[in-house]
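Hello,

I am passing a structure on to you, with some notes on what turned up in it. Please have a look at it first and then read on.

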Amino acid sequence: MHNLEEKDLINFLKSQGITVKTNTKARGNLGIYFNNRIDVSKNAAPQKRIPILVHEYAHKIHFDIEKENFYKGGSLEVLFNKTIPDIYISELNEITNFVDINSNFDNVNSKKQEIQTKIKELQEIIKHDYPLFKRSEDFKEANKYFRKNKSIAVHFLKYDSVKVMNRFCKSDETFNIKNIDEDFSHIPEYLRAYIKLKSLQREHKRLSRYQSKAKKYYNKPAELFARFIEGMFINNNQVKLIAPNCYQRFFELLDKGYYGNLRELFTLAEFVR
């Protein structure tokens, strides 16, 4: 484990010419490293601050090792100075899941499953009137209805919220798809179900895009390495248990000075392996 106080860690970072800011929003993150500066969000929980600082310092160390490729995500081959076997990647992914519970995407997957269930329920409502309805095909009955019946609800087929300006009183009125049953009760149930279904499909796509983007971020060598270092300052024994191969290789290189001043940090922290 380690014996390290936040103020001592900050002084150590500053002694290396790194600017440390602990009262910013960190560009919407808990922490960020850029231009030899580390920002920690003022909203970060006290117990998170040392791991965050260590995480960002790991980025600094990585930058020094691999300047040209750092901002492209880096390379595990360079970070571990060897050809990387699959077991290393597997271990680093496990460490990421240990350090950041959000990387498991449990909440996202649960939400997506909930959406799929609701979509199936809405599909059954539509099929009650139109048995041949298919989600993958254009629903012609919806187009027919809105051609005959002018309604701002038609915009809900593409948007979840619609703002309408009243020219007489010069004020805006906003309609939300969440209130479609109350605000547009005159529209047939099958059509309201279809509009809700389209909204849920959009939400499912948004979640999938977010998940895909987040996975690319989590899988960047720069992030895998930084979370590996961070993990050791959260629970060293757990990291050693989860990633024995990466752990052994890391300390081989650390003892040889491969990671520069990172060895000084482990000495300062009186780190116990």
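In which sense do β2 and strand β3 pair, and over how many bridges? The two pair in the antiparallel sense, over four bridges, with β3 covering residues 37–41. Tyr33 has Ile38 in β3 as its bridge partner. Strands and helices here are DSSP runs (E, at least two residues, for strands; H or I, at least four, for helices), numbered from the N terminus, and two strands pair if DSSP finds at least two bridges between them.

Before going further, a word on the source: this is a predicted model, where local features need pLDDT of at least 70 and side-chain atom pairs count only at pLDDT 80 or more, while totals for chains, interfaces and linings use all residues. Residues are numbered from 1 along each chain as its sequence is written, and side-chain values use heavy atoms, with hydrogens and water left out.

Back to the sheet: it is open, with three strands in the order β1-β3-β2 and mixed pairing. Its edge strands, each pairing on one side only, are β1 (19–24) and β2 (31–34).

Next, the salt bridges (a side-chain nitrogen of Lys or Arg within 4 Å of a carboxyl oxygen of Asp or Glu). The count comes to 15. One of them joins Glu6 and Arg49, with the closest N and O atoms 3.0 Å apart. That pair links distant parts of the chain, since Glu6 sits in helix α1 (residues 6–15) and Arg49 in helix α2 (residues 46–65), 43 residues apart. Arg49 is buried at 12% relative accessible area, whereas Glu6 is partly exposed at 24%. Buried means under 20% relative accessible area, exposed over 50%, and partly exposed in between (1.4 Å probe, protein chains only).

Arg273 and Asp255 form another salt bridge, their closest N and O atoms being 2.6 Å apart. Arg273 lies in the segment after α12 (262–268) and Asp255 in helix α11 (residues 244–255), so the bridge ties together parts 18 residues apart in sequence.

Finally, do look at Lys112 in helix α6 (residues 106–129). Lys112 is buried yet has no salt bridge, and the nearest side chain of opposite charge, Glu203, is 12 Å away. For charge, Lys and Arg count as positive and Asp and Glu as negative; His and the chain ends are not counted. The side chain of Lys112 does make a polar contact of 3.3 Å with that of Ser208. Such a contact is a pair of N or O atoms within 3.5 Å; within protein, one must be able to donate a hydrogen and the other to accept it, and residues adjacent in sequence count only if both atoms are side-chain atoms.

Best wishes
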